[in-house]
Amino acid sequence: MTAETATDVFETHRPVLLGVAYRMLGRVADAEDVVQEAWLRWSGADRGDVREPRGYLVRITTRLAVERLRRIKARGETYVGPWLPEPYVTDFCDTEPDGAERAVLADTVSLAVLVLLETLSPLERAVFVLREAFGFPYADIAAVLDRGEAAVRRLAGRARRHVEEGRPRYEADPAERRDLTERFLAAATDGDLEGLMALLAPDVRLVGDSGGKSRAPLRVLRTADKVGRFLAGAARKGVPDFSVRFLELNGGPAVVLVLPGGKPDTVLQIDVADGRVQAVYVIRNPDKLRSLAVG
């Protein structure tokens with residue numbers, strides 16, 4: 001395999017590798033670092049005996065991500081306020097998957113699921129990602145993690161039960177989410193409490209992630225009354241001049257509020273069920289918004 005061919009092969013599989021690494025780490029920069037390290041190992045490896053480049057590259061990437069996740073957990077870093085994953089511009093590889101496959105990929109990269117994955121051990125998370133998001137057979141996952149197949153099946157069972165127990169039941173219709181997002185944004189920026197209350201589910205929750213570096217609630221807000229009054233109150237204090245970008249982030253429609261000069265200030269995304277807003281995610285940690293900067 002020539003150097004040019006090796007580069008082409010790697011670039012073909014890069015979207016999958018980045019998808020694995022991001023689901024493992026919940027951080028775009030860390031995922032990109034892992035994929036870059038996978039490239040260095042791939043480019044320097046003896047590829048003569050590699051019959052299945054995709055599996056080989058996924059194995060390298062997964063092992064690197066597990067190592068990095070273990071280091072992160074070992075540091076025991078504290079985070080100011082609620083934590084949310086870094087927003088991820090969704091890319092389902094070079095080809096558009098069918099509806100069922102797209103739904104699975106979107107679900108496993110959603111903010112709600114990624115928050116749950118943070119509570120898994122690194123090995124449980126790796127098994128869940130490879131099995132549930134990418135459909136790898138247990139035998140292949142066992143080879144990736146250098147574990148027996150029976151042990152991998154046990155890890156998969158524990159991880160799946162944990163995620164299913166905590167996974168909220170949201171609807172994933174993009175058109176409805178986009179419509180409600182637009183109406184929600186208009187009501188929130190206008191400080192329209194009555195309009196907000198008409199959109200919010202009674203038990204809605206608002207999760208604000210600032211990392212202590214911007215203004216956002218330091219606790220999760222629950223109930224329509226608290227969420228509505230908080231948003232209306234924030235609007236009354238003055239909304240900065242910003243432009244609005246709609247993007248697909250983490251498998252669903254989202255809003256990026258961009259300050260003059262192209263600096264992203266806030267990412268806003270909602271989850272929807274039964275025609276009402278069930279969850280509001282507000283990401284304002286500037287460290288997590290850098291990849292969304294405009295020109």
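## How two helices pack

Helix axes here are lines fitted to C-alpha atoms over the stretch in contact, and angles run from 0 to 180 degrees between N-to-C directions. Helices themselves are DSSP runs (H or I, at least four residues), numbered from the N terminus, while strands are E runs of at least two. The model is predicted, so local features need pLDDT of at least 70 and side-chain atom pairs count only at pLDDT 80 or more, while totals for chains, interfaces and linings use all residues. Residues are numbered from 1 along each chain as its sequence is written, and side-chain values use heavy atoms, with hydrogens and water left out.

With that in hand, look at helix 2 (28-44) and helix 3 (53-75). Their axes lie 9 Å apart, and the packing angle is about 130°.

## The nonpolar cores

A nonpolar core is a set of buried Ala, Val, Leu, Ile, Met, Phe, Trp, Tyr and Cys residues joined through side-chain atoms within 4.5 Å. Buried means under 20% relative accessible area, exposed over 50%, and partly exposed in between (1.4 Å probe, protein chains only). The largest core holds 53 residues, and Met24, Trp42, Leu117, Phe134 and Leu145 touch the most other members. Helix 1 gives the most to this core, with ten residues.

Leaving aside neighbours within four places in sequence, Leu145 is in contact with Thr62, Val66, Leu123, Ala126 and Val127. Another core, of 22 residues, lies apart from the largest one and has Leu180, Leu199, Leu221 and Val280 among its members.

## Arg167, a buried loop residue

Follow the chain to the loop between helix 8 (149-166) and helix 9 (174-190), and you will find Arg167. Its relative accessible area is 15%, so Arg167 is buried. The side chains of Arg167 and Asp107 are joined by a polar contact of 2.2 Å. Such a contact is a pair of N or O atoms within 3.5 Å; within protein, one must be able to donate a hydrogen and the other to accept it, and residues adjacent in sequence count only if both atoms are side-chain atoms.

## Two positive phi values

Asp146, in the loop between helix 7 and helix 8, has phi near 55°. Asp146 is exposed, at 61% relative accessible area. Thr223 has phi near 85° and is partly exposed, at 35%.

Note on methods
Contact = heavy atoms within 4.5 Å.
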